[in-house]
Amino acid sequence: MDVGGEEIKKLLGKLLTSNSSELNPDLLKRLKSICKKDDGNVKIAFEVLFSFLKKANSVIRLYCVYLADTLFSRSNFFRILMLEKFGLFTSLTLASDPSKPLPPPESQHRKLRREAIRIIKEWHSKFGPAYKRLENSFSVLKKIVDFDNLCLNEDEDRRRNREREEKLENIWRGRMEKIGSEFQEIESDIKVWMTTTNNLLSLASSNEKPYRE
């Protein structure tokens, strides 16, 4: 790796492992300036970015998403490189495959997915017509991603809410069935009671007749 490549690697290391809530603007400006000079630098930045994206840390992956958005918006070459590995990018940021979950911390999972979906949606809106692969990838993602609510169709919160609703529905159905069963028992008792009452009334009426005569 040449001197420019070493600087890119150091810049990305500082940008993506910062404890700040946002990417360092000065470091980001320097990175953009270097990438603007040569597509070779863009390629190095892309490769280093993906090496960090693969790390088992959701905070670092979130920073990678933000940085990818910056470079994707500015460089046609970066867009081409990203779309070649778009499946891997979505796998590492969305983790739609349960067998490949997002790394810790779990507190960042929702934000990572949401930001990745939001950014992919923006990429499609801005660049979709010009990049067939992006258009096709977006169409495929719509089968598993809710781009309106910025979450997976099988989002964990949605799954829990659905399970809660199903549980409440089963409880309600059980209660209604119990009420129906109890009513059937009561209904038979009521019929017996009414029959007995009618018989008694009939008997009482027939006893009263002699006295009326």
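Predicted model: local features only at pLDDT ≥ 70, side-chain atom pairs only at ≥ 80, totals over all residues.

**Rings and core**

I started with charges over rings: the charged end of Lys 55 sits over the ring of Phe 52, 5.3 Å from its centre. The cut-off I used is NZ of Lys or CZ of Arg within 6 Å of the ring centre and within 35 degrees of the ring normal. Lys 85 likewise lies over the face of Phe 50, at 5.5 Å from the ring centre.

Residues are numbered from 1 along each chain as its sequence is written, and side-chain values use heavy atoms, with hydrogens and water left out.

Next I searched the whole structure for aromatic pairs and got nine. Rings of Phe, Tyr and Trp (its six-membered ring) pair if their centres lie within 6.5 Å; planes under 30 degrees apart are stacked, over 60 edge-to-face, the rest tilted. Phe 72 and Trp 123 have ring centres 3.8 Å apart and planes at 10°, so they are stacked. That pair joins helix 4 to helix 7, 51 residues apart in the chain (helices are DSSP runs of H or I, at least four residues, numbered from the N terminus).

Is Phe 72 buried or exposed? Phe 72 is buried, at 0% relative accessibility; the cut-off is under 20% relative accessible area, with a 1.4 Å probe and protein chains only. Trp 123 is buried too, at 1%.

Ring pairs link Phe 72, Phe 86, Phe 89, Trp 123, Phe 127 and Tyr 131 into a cluster.

How values were computed: Helix = DSSP H or I, 4+ residues; strand = E, 2+ residues; numbered from the N terminus. Buried < 20%, exposed > 50% of the residue type's maximum accessible area, 1.4 Å probe, protein only.
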